[in-house]
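Here is a friendly walk through a protein model, meant to be read with the structure open beside you. Turn the view as you go and pick out each residue when its name comes up.

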Amino acid sequence: MKFDKVLVAVTAIALAAAVYSFKPAFDDQDWLAYVNRALPESYDQSTDPKLKKVEISLTPDYFVRLRKTYAKNMQEYYSFNLHQFGDMDYLGNTTTGILSLKTMADDIIVQTYNDRHGDIDSMTTSLDIPVKNMEPERLDSLREAFNYFKAKGL
């Protein structure tokens, strides 16, 4: 009789711990924080020796933004809203590769600035990001995050 009471109490405590210790799912802030950690960690700046600085992020209003700064005041800036996200491809291995983010149409804004030619604006359908240490789990999680934010706009 005493053993049954102990068993019921232990089972109830274990069940309560299991139920309350897990968060049901990622929300906007969780996905945003994840992407803003994963993209900069994965960006492979060594592929372009002229690159001085790179900034890559996902904004709270679901824009992917990439700014590259080179010597002699040259900059490249890419931006698109994840509502226009179409698909994502990866070419490479877990050590190094290219993450290609694609939109449905020419929805990626490309702005280039240098002292000699000034601002040059164009549009494209693909943003190729050189990456390193891209494990399959990270790749899957990024795809899931991008699709999550895309669905928020539909």
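## A buried lysine

Lys150 is part of helix α3, which spans residues 136-152; helices here are DSSP runs of H or I with at least four residues, strands are E runs with at least two, and both are numbered from the N terminus. Although Lys150 is buried, it has no salt bridge, and Asp87, the nearest side chain of opposite charge, is 8.5 Å away. Buried means under 20% relative accessible area, exposed means over 50%, and partly exposed lies in between (1.4 Å probe, protein chains only). A salt bridge needs a side-chain nitrogen of Lys or Arg within 4 Å of a carboxyl oxygen of Asp or Glu. For charge, Lys and Arg count as positive and Asp and Glu as negative, while His and the chain ends are not counted.

What does Lys150 touch, leaving aside residues up to four places away in sequence? Its contacts (heavy atoms within 4.5 Å) are Leu82, His83, Phe85, Gly86 and Met104.

## How to read the model

The model is predicted, so to speak of local features a pLDDT of at least 70 is required, side-chain atom pairs count only at pLDDT 80 or more, and totals for chains, interfaces and linings use all residues. Numbering starts from 1 along each chain as its sequence is written, and side-chain values use heavy atoms, with hydrogens and water left out.

## Salt bridges

Side chains of opposite charge can pair when their charged atoms come close. In this model the count comes to 6 salt bridges. One of them joins Arg138 to Glu41, with the closest N and O atoms 2.7 Å apart. Because Arg138 sits in helix α3 and Glu41 in helix α2, this pair ties together parts that are 97 residues apart in sequence. Arg138 counts as buried at 18% relative accessibility, whereas Glu41 is partly exposed at 42%.

Arg143 belongs to helix α3 and Asp87 to strand β4 (residues 85-92), so parts 56 residues apart in sequence are tied together. Arg143 is partly exposed, with a relative accessible area of 30%, and Asp87 is partly exposed too, at 35%.

A further salt bridge links Lys102 and Asp89, whose closest N and O atoms are 3.7 Å apart. Lys102 lies in strand β5 (residues 96-103) and Asp89 in strand β4, 13 residues apart.

## The sheet

Which order do the strands of the open sheet follow? Its 5 strands run β1-β2-β3-β6-β7, with antiparallel pairing; two strands pair if DSSP finds at least two bridges between them. At the edges are β1 (51-58) and β7 (118-124), each pairing on one side only.

Strand β1 is joined to β2 (residues 63-70) by 7 bridges, and the two run antiparallel. Here Leu51 stands opposite Tyr70 of β2.

## The nonpolar core

In soluble globular proteins, nonpolar side chains tend to be buried together. The largest nonpolar core in this model has 33 residues, and Leu82, Leu99, Leu101, Leu142 and Phe146 have the most contacts inside it. Such a core is a set of buried Ala, Val, Leu, Ile, Met, Phe, Trp, Tyr and Cys residues joined through side-chain atoms within 4.5 Å. Helix α2 (residues 28-42) gives the most to this core, with 6 residues.
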